[in-house]
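Please find below some brief notes on this model. They are meant to be read beside the coordinates.

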Amino acid sequence: MVATFVCAMESGVRVRFAPSPTGPLHIGGLRTALYNFLFARKHNGAFLLRIEDTDRNRLVPGAEQYILDSLRWCQLHYDEGPDIGGPCGPYRQSERLHLYRHYAQLLVERGHAYYAFDTAEQLEALRRELSQQGSDLQQYDATTRNRMINSLTLSADEVQQRIASGQPYVIRALIPQDEEIQFVDRIRGTISVHSRQLDDKVLFKSDGWPTYHLANVVDDHLMNITHVIRGEEWLSSTPLHVLLYRFFGWESQMPQFAHLPLLLKPEGTGKLSKRDGDRLGFPVFPLAWTDPETGQTSPGYRERGFLPEAVINFLALLGWHPSGNQELFELYELIHDFSLEHIHKSGARFDFEKARWFNHEYLKRLPGEEVARLWQQFPEFYPQGVSWDYLVQVCDLLKQRCSLLEEFRDAGRPFFERPVLPKEWVQQHDKGQVNLWLPELLQALDRQSDFSKTKLEELLKNFLAQHGLKAGAVLPALRLALLGVNQGPSVADIMAVLGKEEVSQRLQAALHVFTSIDNPKVNT
RNA sequence: GGCGAGUUCGUCUAGGGGUUAGGACGUCUCUCUUUCACGGAGAAAACACGGGUUCGAUUCCCGUACUCGCUACCA
């Protein structure tokens, strides 16, 4: 027998993130999860993960695991979920299948739902007919259900007969004809919809699985959910859900609703989609995702070198902001400041540049050691055969001018491989002059035992003064000689990290290049 | 089309009956500096429109426009 009572829980806030494993978790879904998480932590409540896998056609293998991995990467730990269990489990709707038929039938028994046998063709014919009549509403509802094939128009015997003979059927909600349905949305205030606008939604499909509407309401109730925080796309079907709570007699325990604004395209109109990311060159998924059908891989925030903390911070502020001017929030601050009341009503455009800025802010604040550890997660361009100490020093330099870890690939290379000096850059320097001072500098460096940044700065300064050279004429050429770049860290920084021996060798090599390359720029 | 929701700088937003309408990203200028970046200083940049209510509306109310969402045996 099916349990019809709610599992016993101490009172308190209980929220859930209920994604459907039809693909990788979208960045918008991640924000929904985040807001649920923040709300739960703020109120010392429980945050649960429920997998809504009732659409068997759109199920994508690996998607569920991907969702779990994504939440873990973002440190959005849930208290109850499919992989960790909990007092209200199971947390996968496919494992709760027995419940839904029971509750659907309960509704039929109470006269709030009915069996319908119409075929897809018959439904299509109905819509077409209503459309031709110019009807505003083209739906299966109080005005049309009486001419369809269902347990309202058929005799009880015939209904039993059809079911017994295995004819496919669905169970539809019996929506009252003339009633104003009201509910309070914590973000938008009182929402009011007339029942005339609602159709007799299918609650239980002919494949034996429930639709979102049924499963969602049943599970939220059985799992003692106190607040439903979800995307705005659900606002329109909330009146139906409110009706279902009433039909079941659960109205007094109905959760509060909060519908989140959508994440919009950076430009143009509409919801943010995977295509936008591909087109504009930014990820829309937290982690890389390989489509099992096409084999195509989309990069994720992690793979592009984002820190989860930065992604969370960025995402949190896309649609929510507490009073004040703070931009950078630690997780505990987000939790402390979070409130439904400060969630915006309108959609937020996605701004990848700002995401980059957040990441740089987090990267800059990290000690070199931490950055180096993060770098290890990128084996494709993690330098081999380099001492940890050296790597940490390089990281301290790179984090100043790289916003994403992926930029370490190019920015870091000259620290691990002797650079090839681009000819056109070499030609920009006065060969005659360089050939004069570079050998002398080499000697000066040779005599220098302390290769600390401050001592090197001192040495450079003195050297320039002694030879009457301008910094602008020497330092850029030195940077080029040392790293093969014409912009980057300060020369003293570079030398200090490279070390005496390496500096000497690189400068000697560069000297050869400077003497061997034609210099169109004769003494000016 | 119908229904629902929304509308403050280019973007994310703070604010709220009387404000020089604040911050951040981005852009630009200056500064620091050997370059880039960082840091510092500054500039340009917004209350969709029309009616009310009010001494006064960007803020409250009503319309209009526009945008988004829903309108599946998808979630």
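**Notes on helix packing, domains and the RNA surface**

1. H16 and H20 are roughly antiparallel to each other, because their angle falls in that class (under 35 degrees counts as roughly parallel, over 145 as roughly antiparallel, 65 to 115 as roughly perpendicular and the rest as oblique). Helix H16 covers residues 431-447 and helix H20 covers residues 500-516. They pack at about 165°, with axes 10 Å apart. Axes are lines fitted to C-alpha atoms, for helices over the stretch in contact, and angles run from 0 to 180 degrees between N-to-C directions. Helices (H or I, at least four residues) and strands (E, at least two) are DSSP runs, numbered from the N terminus.

2. The model is predicted: local features need pLDDT of at least 70, side-chain atom pairs count only at pLDDT 80 or more, and totals for chains, interfaces and linings use all residues. Residues are numbered from 1 along each chain as its sequence is written, while chains are lettered from A and ligands numbered from 1 in the order in which they are written.

3. H16 passes H20 in a left-handed crossing (the near helix is turned anticlockwise from the far one by less than a right angle; clockwise would be right-handed). On the H16 side the contact includes Val434, Leu438, Leu442 and Leu445. H20 answers with residues including Val503, Leu507, Leu511 and Phe514. Contact means C-beta atoms, placed from the backbone, within 7 Å. By class, the contact of H16 with H20 has 9 nonpolar, 4 polar and 2 charged residues. Here Ala, Val, Leu, Ile, Met, Phe, Trp, Tyr, Cys and Pro count as nonpolar, Asp, Glu, Lys and Arg as charged, and the others, Gly among them, as polar.

4. How do H18 and H19 cross? Their axes come within 10 Å, at roughly 30°. The two helices are therefore roughly parallel to each other. This crossing is left-handed. Leu475, Leu478, Arg479, Leu482 and Leu483 in H18 meet Val491, Ile494, Met495 and Leu498 in H19. The contact has 8 nonpolar, no polar and 1 charged residues.

5. H18 gives the most, with 5 residues. The surface divides into 21 nonpolar, 24 polar and 18 charged residues.

6. Chain A is assigned domain 1 (274-365), domain 2 (368-415) and domain 3 (423-516), with bounds from an automatic or database domain assignment. The C-alpha centres of domain 1 and domain 2 lie 23 Å apart. Their contact takes 8 residues from domain 1 and 9 residues from domain 2.

7. Two backbone points deserve a look. Most residues other than glycine have a negative phi, and most peptide bonds are trans. Asn44, not a glycine, has a positive phi of about 55°; it lies in the loop between helix H1 (27-42) and strand S2 (46-49). The Gly89 to Pro90 peptide bond is cis, with omega near -5°. Pro90 lies in the loop between helix H2 (63-73) and helix H3 (97-109).

Note on methods:
Contact = placed C-beta atoms within 7 Å.
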